Each structure stands twice: as C-alpha cells, then as structure tokens.
Amino acid sequence: MLTARGQVIDRVLGLKLGADDYLPKPFDMTELLARIEAVLRRRRATAPAPAGNYVFGEVRVDFRRAEVLREGQPVELSSLEFKLLRYFVEHRGELLSRRELLEHVWGYPACCRRARSTST
C-alpha cells in the first residue's frame with residue numbers, strides 16, 4: 001500500500017485489511033522497488049499449486065470436482081473458464097501476459113499466434 005497516511009494506526013489498519021506492505025509518502029524509489037521485490041519473492045515461495053480446494057472471500061473452488069461455489073451456490077463455468085480460473089490461482093501474485101494465457105489456457109502454439117498476428 002502506497003499512501004500519504006503515515007501514522008502508526010494507519011499502517012496497522014492497512015496491514016490488517018490485507019496489504020502485504022505499507023509505505024507512506026514521501027518515499028524513496030529504491031526502497032519501493034526493494035519492497036516490491038521482497039513481496040514477489042514471498043509470493044513465489046508461498047504459492048502452491050491448487051491440489052484440492054481454494055477459498056477467497058465467499059468463493060470456494062474444488063479443483064478435484066471442477067466445482068465453484070459462491071455463498072454456497074454453484075457457479076456455472078465452461079471448461080475454458082474453469083481452466084482460466086485454475087491458471088490464475090496457480091499463478092496468483094504473478095504478472096501474466098496475454099501470450100502466456102493464450103498458450104497455456106487456450107492452447108495456441110507460439111508459431112500459430114505469430115503467424116495470425118502478422119497476417120491481420
């Protein structure tokens with residue numbers, strides 16, 4: 001969280017509300033970059049692949065059953081939508097490119113994507 005509010009109570013509240021880090025303004029750019037790198041290192045080290053269930057907010061995903069529930073009610077997803085959801089969960093905290101999603105979720109081979117994009 002990057003904010004102008006720098007009192008202790010603001011920092012504590014921001015962290016309790018889910019911020020991974022809290023940096024009040026004014027800030028030094030090198031410190032901001034170091035903090036971002038630290039968060040990314042932690043994310044990579046703690047993001048296991050979803051083997052069973054994954055819960056976020058009121059949504060529960062059961063990867064074994066290919067089932068999504070929101071507030072206990074089933075959410076209808078196509079197989080492609082479910083595959084995209086799985087990929088997002090498996091790579092949470094990462095920056096994903098369009099190319100990566102097309103290749104790994106939609107299954108477009110790299111050679112065909114390049115040929116299609118140059119012909120349009």
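Predicted model: local features only at pLDDT ≥ 70, side-chain atom pairs only at ≥ 80, totals over all residues.

Where does alanine 66 lie, and what is there to see in the sheet around that place?

Modeller: Happy to! Alanine 66 is in the loop between strand E4 (59-62) and strand E5 (67-70). Residues are numbered from 1 along each chain as its sequence is written, and side-chain values use heavy atoms, leaving out hydrogens and water.

Here is the setting. The protein chain contains 5 helices and 6 strands, where helices (H or I, at least four residues) and strands (E, at least two) are DSSP runs numbered from the N terminus.

Two strands are said to pair if DSSP finds at least two bridges between them. E4 and E5 run antiparallel and are joined by 4 bridges; aspartate 62, for instance, stands opposite glutamate 67 in E5. In a regular strand, side chains alternate between the two faces of the sheet.

Back to your residue. E4 and E5 form a hairpin with 4 residues between the strands, and there alanine 66 has a positive phi near 55°. That is a positive value in a residue other than glycine.

The next hairpin also has a residue with positive phi. E5 and strand E6 (73-74) form a hairpin with 2 residues between them, and glutamate 71 sits in the turn. The phi of glutamate 71 is about 55°, again positive although the residue is not a glycine. Glutamate 71 is exposed, with a relative accessible area of 57%; buried means under 20% relative accessible area, exposed over 50%, and partly exposed in between (1.4 Å probe, protein chains only). E5 and E6 run antiparallel too, joined by 2 bridges, and leucine 69 has proline 74 in E6 as its bridge partner.

What packs against this sheet? Phe82, Leu85, Tyr87 and Val89 are buried in H3. With 12 residues, H3 reaches 16 Å from its first C-alpha to its last, close to the 16 Å expected at 1.5 Å a residue; the expected span is 1.5 Å times one less than the number of residues.

Finally, step back to the whole chain. Buried residues make up 22% of its 120 residues. Among contacts (heavy atoms within 4.5 Å) between residues at least 6 apart in sequence, 16% join residues at least 24 apart.
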